[in-house]
Amino acid sequence: MSKKIWVHAELSDGKITNVTFELLSKALDLAKEMGDGAEVEATLIGTGLDGEAGRLAEFGAKKIYAADDPRLKLYSPVTYAPILADLASTHSPEIYVFGATAAGSALGPTVAARLKTGIAAHCVDLQLNGEKKLKALVPSFGGKVIGEILCPGKIPQMASVKPGIFVKKEPALAPKAVEKVDLRTYAKLLDAKALEPVSAVRRPPSGLPLNEAQVVICGGFGVGSQENWNRLEELARLLGGAAAATRPAVDEGWTGEHTMVGTSGQSIRPKVYIGFGISGATHHICGMNESGVIVSVNRDEEAAIFQVSDFRVVGDGSVILSALLNAVKAEME
Amino acid sequence: MEYNVAVCVKPVPDPKHYDKVTIDPVRKTITREGIPTLLNPVDKNALEAALLLREKHSGSVTAVSMAPPNAAEILREALAIGADEAYLLSDRAFGGADTLATSYTLFHGLKKIEALRGGKPFDLVLCGCESADGATAQVSSQLGEWLGWPHLWNVFSLEETGEKAFSIKTKLENGHMEWNAKLPLVLGVARELNKPRFTSVMGIMKAKNKPLTVWGREDLPDAQDTYLGLKGSPTQPGEIFTPDMKRSGEVLRGTPEEIAARVVSVLRANGVAIGG
């Protein structure tokens, strides 16, 4: 039997998340490298899944295991994990990957614990070693150190990967093959009351999602004030891009945590990244170092951010920000 | 009504110094010399949540850590902040554990503490949602599975709605989820949950007389070797390296206006449309 690489497909408001497609793209590469007809398959849980299952097939999933029930509309570790663990026990995928999202970061290790297998968290790359076993690259100490994690004796070899690490490729078009999971054996679980999800409240997206922006204007503590922050956001808007932040800027209250880039925030790879008043702590850098061109402005010429920058400006962030804002406005007239 | 809460804590190297972390090129080990050890920052939020429950009702707060012997210091700190008792699970046999083995060891530690109390179970187990160093964020979920309890991660709101019943909010990328939950539970808490109290001098004095128990392998006879330490860990570490992310940067000089003009041309050169 050919080996399987599984991707767990996550839904957000009933739609497949982008990280799922990123993972499918990577899984297809790994399957090719694994050879012997290795195939990519997906798991999907929710309600009214027919349309979204088709999307997974479009991106190369040869088979989709779908657990479809109104009681599964909202994510819960209590219901989702047993279903996924049982599927993995039955079908024995070689590799099983999850998005390291808010839900996936909890669901992945929960499934792994049920299977008594290993899971590498928040990987920055997935490779195969000489024996075609999964070699996951995992950051620690805020990204300062990268370690290889192997899971030599157990399957599935599991991993979670944050959104924005892998590149979503063009559709790979597999025929839609959906296998509905028989949920009768889970009746008790689905009606259990010990832990019930009540609602998922999502902010309507304000502007472009950070990891889809071609230009990201990022600010750190050195931006200095809310007033400057507003100008930074204005600049991002004028350029058709998105504004992002480091942890200290979020802590100052200038912006929300959803704009944070780094190990505990998002990973981004825009064509152009411009950073203002960012010192360049490793845990920020490892969320943005895949950017095409990096421009940094900092008062301190020794700032670590300059080490990873293509263009360095030693100067007052707020002054350069104003000048750039004026220049962009002038260009637009 | 009383709440008996266990709080799992971890010693971590101070995150402010992670830029100093290096790798010994010969032994392939991480060198963290000169970096002070702290109680993992978000574990203080877990401890705070436990203390608030005990203060509102009654009960106990137990701090538990699986770590090398010097972790006694951070457990002493947890006692100074307000925990009633502390347990350190420390043995070479536990070393090198991945998250599955770590959570297994903590699970057996908790079971043994419960047994010592005449089988009275914990109502709630709290963890910080992630550690500053490894940041796998997996232990709370996996501990929940070993215990066979429901569990939630990234909890930023915890409100009592009835006897041992809570309304809980967890973070999503672009919002949050709301849950109704009954104890027992394992929760991985986020730093937004509360504001941890400071350690008082009185607290430090009191901590000296609070019990801090160290248990080794033989103190957890029900634990199986197959799930302990490096040997019992399904994941195994391979090579470690420091990523080379250096770029040869060009310094832009001139007046702010000149620099701005250069940045505009960089944007254009990389396909960013300005002004249509």
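Lys133(A) and Glu94(A) form a salt bridge in the predicted model, with the closest N and O atoms 3.4 Å apart; a salt bridge is defined here as a side-chain nitrogen of Lys or Arg within 4 Å of a carboxyl oxygen of Asp or Glu. This pair links distant parts of the chain, 39 residues apart. Lys133(A) lies in the loop between β8 (125–128) and β9 (134–140) of chain A, and Glu94(A) in the loop between α3 (77–91) and β6 (95–99) of chain A. Helices (H or I, at least four residues) and strands (E, at least two) are DSSP runs, numbered from the N terminus. Over all chains, a search of the whole structure finds 35 salt bridges. Side chains of opposite charge can pair when their charged atoms come close.

Because this is a predicted model, local features need pLDDT of at least 70 and side-chain atom pairs count only at pLDDT 80 or more, whereas totals for chains, interfaces and linings use all residues. Residues are numbered from 1 along each chain as its sequence is written, chains are lettered from A and ligands numbered from 1 in the order in which they are written, and side-chain values use heavy atoms, with hydrogens and water left out.

Chain A is divided into domain 1 (4–190) and domain 2 (210–332), the bounds coming from an automatic or database domain assignment. The centres of the two domains of chain A, taken over C-alpha atoms, are separated by 32 Å. Ten residues of domain 1 of chain A are in contact with eleven residues of domain 2 of chain A, where contact means heavy atoms within 4.5 Å. About 800 Å² is buried between these domains, with carbon and sulfur atoms giving 45% of that area; buried area is the accessible area (1.4 Å probe) that two parts lose on being put together, summed over both. Of the area that domain 1 of chain A buries against domain 2 of chain A, 46% is supplied by Gly142(A), Lys162(A) and Gly164(A), more than by any other three residues. Zero salt bridges are counted between the two domains of chain A, against seven residue pairs in polar contact (both at pLDDT 80 or more). A polar contact is a pair of N or O atoms within 3.5 Å; within protein, one must be able to donate a hydrogen and the other to accept it, and residues adjacent in sequence count only if both atoms are side-chain atoms. The side of domain 1 of chain A that touches domain 2 of chain A has four nonpolar, four polar and two charged residues. In this classification Ala, Val, Leu, Ile, Met, Phe, Trp, Tyr, Cys and Pro count as nonpolar, Asp, Glu, Lys and Arg as charged, and the others, Gly among them, as polar.

The contact between the chains takes 84 residues from chain A and 70 residues from chain B. The area buried between chain B and chain A is about 6700 Å², and carbon and sulfur atoms give 63% of it. Five salt bridges are found across this interface. In a salt bridge between the chains, the side chains of Glu257(A) and Lys171(B) meet at 2.8 Å, N to O. The interface of chain B and chain A also has 30 residue pairs in polar contact (both at pLDDT 80 or more). Elements of chain B that each supply at least two residues of the side touching chain A include α4 (139–147), β9 (151–162), β10 (165–172), β11 (175–182) and α6 (256–269). The most is given by α6(B), with ten residues. By class, the side of chain B that touches chain A has 34 nonpolar, 18 polar and 18 charged residues.

Strand pairing also joins the chains, two strands being paired if DSSP finds at least two bridges between them. Strand β13 (residues 195–202) of chain A pairs with β11(B) in the antiparallel sense over seven bridges, and Val201(A) stands opposite His176(B) in β11(B). An open sheet of six strands has the order β15(A)-β14(A)-β16(A)-β17(A)-β18(A)-β15(B), with parallel pairing. β15 (242–245) of chain A and β15 of chain B stand at the edges, each with a single partner strand, so one side of each is left without a neighbour in the sheet. Strand β18 (residues 311–314) of chain A and β15(B) pair over two bridges, and Glu250(B) is the bridge partner of Phe311(A).
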